[in-house]
Each structure stands twice: as structure tokens, then as C-alpha cells.
Amino acid sequence: MLKQARTTDWTFPYCPTGPDWSFNWEGMQRQFSWLQAMDGVPQSPIYHAEGNVLIHTGMVVSELIKLAEWRNLPEDERQILFASALLHDVGKPHCTKIEGDGRITSRGHARKGASIARQELWTGHELVQPAPFAVREHIAQLVRFHGLPLQFLSHPQPEKAIIAASQHVRLDHVALLSEADVRGRICPDKEEVLSRVELFRELCQEQDCYNKPRQFANEQSRFVYFRKEESDPNYVAYDDTTYEVILMSGLPGAGKDTWIREHKPDWPVISLDSIRREYRISPEEDQGHVIQTAKERARVLLRAQQSFIWNATNVSRMLRQQLIDLFLSYRAKVHIVYIDAPLSTILQRNRQRKEQVPEHVIYKLLGKLDIPDVTEAQICELYTEEL
């Protein structure tokens with residue numbers, strides 16, 4: 001049975017509590033292999049004179065737990081911010097490079113770090129238990145956006161960057177993590193960078209999205225705002241769509257077929273798994289013919305303006321965007337339904353299938369997963385089956 005995610009009944013190991021607020025740094029390094037991987041990873045001495053990534057991470061955690069704003073948060077939010085501080089640079093061991101001119105860079109480490117954090121929290125291999133969906137994704141998105149307060153001014157549309165981020169994560173938490181990130185480093189321009197964080201806070205408050213997503217007049221207005229390059233968040237868009245395409249998303253075994261049977265049993269379904277069975281094509285073979293056949297069948301329904309379901313894993317935003325563009329070209333309303341389940345459940349269901357997906361393929365898809373969000377389509381629903 002699918003249900004909405006819970007955020008309670010989960011704790012992160014070693015999260016400090018009052019009155020002393022101390023933390024066991026040595027114990028965390030022994031327990032978490034992803035922390036150990038940070039040891040020795042260099043950083044630019046201009047921005048991080050404190051040393052390698054592990055040293056910086058320890059300083060960030062130390063600064064975070066000193067902040068009164070963190071200590072005054074509800075316990076579940078303190079847990080989330082603490083875990084996010086530990087994981088905020090988890091992508092750097094994979095992304096750090098020494099360029100030809102000697103500069104040390106780590107481009108893309110926030111997005112890579114979000115993926116790693118998601119996998120670590122989903123599997124729970126080094127935790128007492130895997131994190132619930134809502135907690136896991138909150139932490140992953142904090143890792144993804146932790147640098148935004150330092151970078152938003154260089155964005156062509158700073159307000160839009162902030163409004164978009166607010167659809168993913170609480171920006172007051174992003175600001176708090178970013179402040180700890182700055183305080184936990186040695187650099188000559190620390191005060192100037194901290195002032196940037198404060199400017200970020202002010203702009204978020206001006207846009208009414210500091211501790212909640214920026215609201216829009218309706219779902220079509222929100223979709224148009226993120227779809228168009230130049231747009232006004234206050235614009236009220238007219239919805240002239242008359243039919244709907246549901247785009248399923250989720251790992252194999254998450255429960256997509258179950259959702260369809262329970263919610264839309266009478267709708268036409270274009271299933272990539274069914275086409276693979278029809279043409280006896282393995283999930284590990286080239287999928288070009290499968291995709292082309294599915295699109296041809298979709299166009300028949302789109303031309304007739306008949307609602308239907310596209311059922312496949314659709315784990316990457318790029319792949320979903322290509323399909324959404326197709327559906328929109330026929331003036332369909334797009335409704336994304338993402339299904340999530342514990343990894344242990346997914347693997348167990350897959351083993352019970354007549355036609356199993358190789359487990360290494362599931363883990364590969366997990367590494368590519370971008371959780372869908374409301375910036376992609378008119379409607380985006382997330383369902384999860386918790387342990």
C-alpha cells in the first residue's frame with residue numbers, strides 16, 4: 001500500500017544534544033566510509049586554507065552546532081541539518097581535479113554529492129536504519145543547494161534561481177548550512193562571503209520563499225514560469241488543456257504497476273517493459289527500438305487527444321524532459337507520478353519477478369536518479385512505501 005512519507009522516528013548517529021552539544025568526530029570517521037574518503041582530498045588554499053575536505057567538514061559541523069539558530073530548531077530539523085553538514089562535500093572526492101595551471105577545482109560536486117547522499121541514506125548500510133523518503137530527500141537537496149547562497153548573484157536571473165530552489169528545499173535551512181560552511185573555512189574574504197549569505201536570506205524573504213515554496217496562482221502558472229526563459233511569477237496563466245498524460249517514474253520494483261492498477265485501471269498504458277517482452281529485448285540491450293515503438297504508439301493517442309499513461313523508470317530529468325516536450329507539442333497536460341520504496345523492498349520484488357532486472361542495472365539507475373519535482377510538469381505527485 002502506498003502512502004505519504006513520514007519525517008519522524010529516525011535519527012542520525014552522533015547528532016549532538018544539549019546541554020554540552022559535543023560530538024564524537026573520531027567515532028563518525030570510523031563509522032562512515034564516505035567521511036574517510038574525504039581525508040587527503042585537496043582544496044584551493046585561497047578559499048580553504050584550513051586544509052583538506054575532511055578537515056573542512058569537521059570545522060563546518062563544529063560551527064553549525066555552535067549556532068543558536070541550529071540549537072533552537074526542532075529535534076528532527078537539527079538531525080537533518082547535522083547530517084547535511086557532514087555530507088555537504090561528499091561529492092568532492094569524486095569531482096576534485098588539479099588543473100593544468102595548478103588550480104584545484106571540484107565542479108559539479110554539489111549535484112554529485114546529492115546523488116551519493118541519497119544512495120547512502122537509502123541503503124542505510126552505515127546507519128542504524130535507512131532514512132525515510134522525506135528526510136532522505138531533504139538532506140540530498142540541502143547537499144545539492146548548499147552553495148546557492150554564495151553563487152546566486154552570478155545567476156542570470158537570481159530571483160528565479162531562488163524561486164526554483166524553493167520548490168525543492170527549505171531555503172532557511174540552505175542559508176543555515178551555507179553559513180556554517182563559510183564559518184568552517186579559513187579564507188581572507190570570510191566577512192564578505194557571510195554578507196552574501198545574509199543577502200540571500202533577504203531576497204528569499206522578499207520573494208516569500210524563505211521557509212516554504214514560492215506559491216503561484218495555479219499549477220499552470222507555475223509550470224509556465226519555469227518553462228519560459230523570461231516570465232513573471234505573478235502571471236496568471238490560462239489552462240486550455242483538455243486531456244492528460246501521466247508520466248510514471250521510479251526504480252524497477254518500486255510499485256509503478258500497482259499504482260496504475262489502483263488509480264487508473266481503465267487508462268491506456270504504454271509500457272516499455274511490455275514492449276521489451278513483445279520484441280524479446282533485454283533491459284541491457286540497446287533500447288532504441290523500444291523507445292521508438294513507444295513514441296509511435298504515444299503519437300497515435302496524442303493525435304486523438306486521449307489521456308494515457310507512459311510507464312517506464314524515467315529516472316533522469318533529461319529523459320523526462322524529452323518526453324514532456326513531446327507531450328506538450330500535442331497540448332497535453334503532463335502529470336508526473338513518482339513511486340518510491342525501500343531499496344530492500346525493491347530488490348526483493350525484483351528477485352520474485354519472472355523477468356528480473358539485473359541488480360547492477362538497478363544500482364546504476366539509482367546513481368542516475370533525479371527525483372521529479374513541480375518545476376517539470378503541471379502536476380507532480382510523489383508516493384512512497386516506507387518500511
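Where does Cys 187 lie? Select it in this predicted model: Cys 187 sits in the loop between α11 (171–183) and α12 (190–206).

Color by accessibility. Cys 187 counts as buried because its relative accessibility is 14%, and the cut-off for buried is under 20%. Now show its surroundings. Setting aside neighbours within four places in sequence, Cys 187 touches Ile 46 and Tyr 47. For a sense of scale, draw a C-alpha to C-alpha distance to Pro 19. Cys 187 and Pro 19 are 31 Å apart in space and 168 residues apart in sequence.

Next, select residues 317–329. This is helix α17, with 13 residues. From first C-alpha to last, α17 reaches 18 Å, close to the 18 Å expected at 1.5 Å a residue. Show side chains for Arg 320, Leu 323, Ile 324, Leu 326, Phe 327 and Leu 328, the buried residues of α17. They pack against α13 (219–227), β3 (244–249), α16 (288–303), β5 (308–311) and β6 (333–340). Step just past the helix to Arg 331, where phi is positive, about 60°.

Move on to β6. Eight of its eight residues are buried, so β6 is largely enclosed by the rest of the structure. Lys 333, His 335, Val 337 and Ile 339 point one way. Val 334, Ile 336, Tyr 338 and Asp 340 point the other way.

Which strands pair with β6? β3 does, in the parallel sense over six bridges. Pick Val 245 there: its bridge partner in β6 is Val 334. Strand β7 (residues 379–384) also pairs with β6, in the parallel sense over six bridges. Finish at Ile 339, which stands opposite Tyr 383 in β7.

Key: Residues are numbered from 1 along each chain as its sequence is written. This is a predicted model: local features need pLDDT of at least 70, side-chain atom pairs count only at pLDDT 80 or more; totals for chains, interfaces and linings use all residues. Side-chain values use heavy atoms; hydrogens and water are left out. Helices (H or I, at least four residues) and strands (E, at least two) are DSSP runs, numbered from the N terminus. The expected span of a helix is 1.5 Å times one less than its number of residues. Buried means under 20% relative accessible area, exposed over 50%, partly exposed in between (1.4 Å probe, protein chains only). Contact means heavy atoms within 4.5 Å. Two strands pair if DSSP finds at least two bridges between them.
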